[in-house]
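We will go stop by stop, with a note on what to pick each time.

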Amino acid sequence: MAHRGGGGYTRGNMAFRQRGRSSGSPYWKDKPRHQQDNIDTGPVNVALPSTPSSSREGANQTIKTEQSPVETRPKEIKKFSNKARVFIANLPREMSETELRELFRPYGEVQEIFIQKEKSFAFCRMAYKSEAESAIAALNGMVVKGRDLKVRFAVSSSLVKVENIHPLVSNELLSDAFAQFGEVEEAVVVTDDRGKSKGCGIVEFARKQSAMNAISQCRNAPFLLTRSPIPVVVSEYERDNEEEGQSIKNITKNQVFHNECDIGPRFANHGDVEFIIANRWKVVFDDEKAQRAELEARIKDNRAAVRDALSNVHEQHKTEMLRQELVHHQQQQMRLLQQLSEREGGGLMPPMPSGLPPPLFPGDRQEGVPDPGAITIPGLGGHGSNGGGLFPQPLMGQV
């Protein structure tokens, strides 16, 4: 689903820009770095290992998405999308592509047809979903050359489910984020009946390979959608058919069907064997429900514990980065003063200008700033050479 307009979006650098601005970047990008850090774009629950100033410029070139105020983009109905693919089963083996195309032509434009004669099925892609619905309603159950056709929507193999989505992620941001893996036909953030995000979404690509690329890359590396560095989880998704369901005419009327359905719906009579067996199953279902609720509660508590443990790591990381920059600038100043002293022939370095803090040297740590490498997370301690720290010690920035 292609999105156009609505805030001057630039796909190349995966960044939104404020409407009416010519800079092509969010409004806070024009501010100095120390002011950018004060922009509140959502809760931050984790920080990356400190990065030397010489390598941060390259890291900032990584594709990422940043959300700024944008208008809702008009939803564009794509022609010949996966939503308009139709599956035809029980097809006569002698039926040709031309005959099948003529069968569907009265209900809309047909783009492509694939026939598997050995297995008696075919796929047909129509222009729009509404046309496919008309064809399904008219052709399902029709007798063609002695066979009852079974016509329904084809199951899409290019859908992925995205979990751990930040509550402020929109349909537009989700679509733009996953467009780097391939053409996106539609991206939807799932909401409840009040319109509040449920923390997951569905992305439909135009091709199956794009969906496989998204799953593989997001499994191998953390993929972040917002400033909050909580990675999304991407997996395969098959959309359930909740519109058509299973019609009686699509069920094979064999002996198994007659044995199972010869007795209609009823409540089991108390004291019967049927009642005892059914009640035993009810106990099993209730136990499974209680176990799932207990597991979900433990997962929720564990996430809360991790969130609390990491609540201050981002600020600690920024403090460490500023300390390293200060050391770098002080070392440059010392070298310049030394060069100036040598040029003047004094041979001695003049005293430091008043008002500057004393220089920091390798191994020094600013008083009152905790060591991010010493922070532990519940359930993750006891691993690694740093005794369960958040980051391996060699990765922590040491000047």
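## Stop one: Arg105

Select Arg105 and Glu102: their side chains are joined by a polar contact of 3.2 Å (a pair of N or O atoms within 3.5 Å; within protein, one must be able to donate a hydrogen and the other to accept it, and residues adjacent in sequence count only if both atoms are side-chain atoms). Before going on, note that this is a predicted model, in which local features need pLDDT of at least 70, side-chain atom pairs count only at pLDDT 80 or more, and totals for chains, interfaces and linings use all residues. Residues are numbered from 1 along each chain as its sequence is written, and side-chain values use heavy atoms, with hydrogens and water left out.

Arg105 sits in the loop between α3 (97–104) and β2 (110–116); helices (H or I, at least four residues) and strands (E, at least two) are DSSP runs, numbered from the N terminus.

## Stop two: helix α3

Now select Leu100, Leu103 and Phe104, which are buried in α3. Looking down the axis of α3, you will find its buried residues within an arc of 90 degrees, so they line one face of the helix (the arc is that of the directions from the helix axis to the C-beta atoms). Show β1, β2, β3, α4 and β6 as well: the buried residues of α3 pack against them, where contact means heavy atoms within 4.5 Å.

## Stop three: helix α4

Jump from Arg105 to Ala135, 30 residues away in sequence and 9.0 Å away in space, C-alpha to C-alpha. Ala135 is one of the buried residues of α4 (residues 129–139), along with Glu131, Ala132, Ile136 and Leu139. Viewed down the axis of α4, the buried residues fall within an arc of 140 degrees, so they line one face of this helix too. Their cover includes β1 (85–89), α3, β3 (121–126) and β6 (150–153). Just after α4, pick Gly141, which takes a positive phi of about 90 degrees.

## Last stop: the whole chain

Of its 399 residues, 33% are buried. Among contacts between residues at least 6 apart in sequence, 66% join residues at least 24 apart.

Note on methods. Buried < 20%, exposed > 50% of the residue type's maximum accessible area, 1.4 Å probe, protein only.
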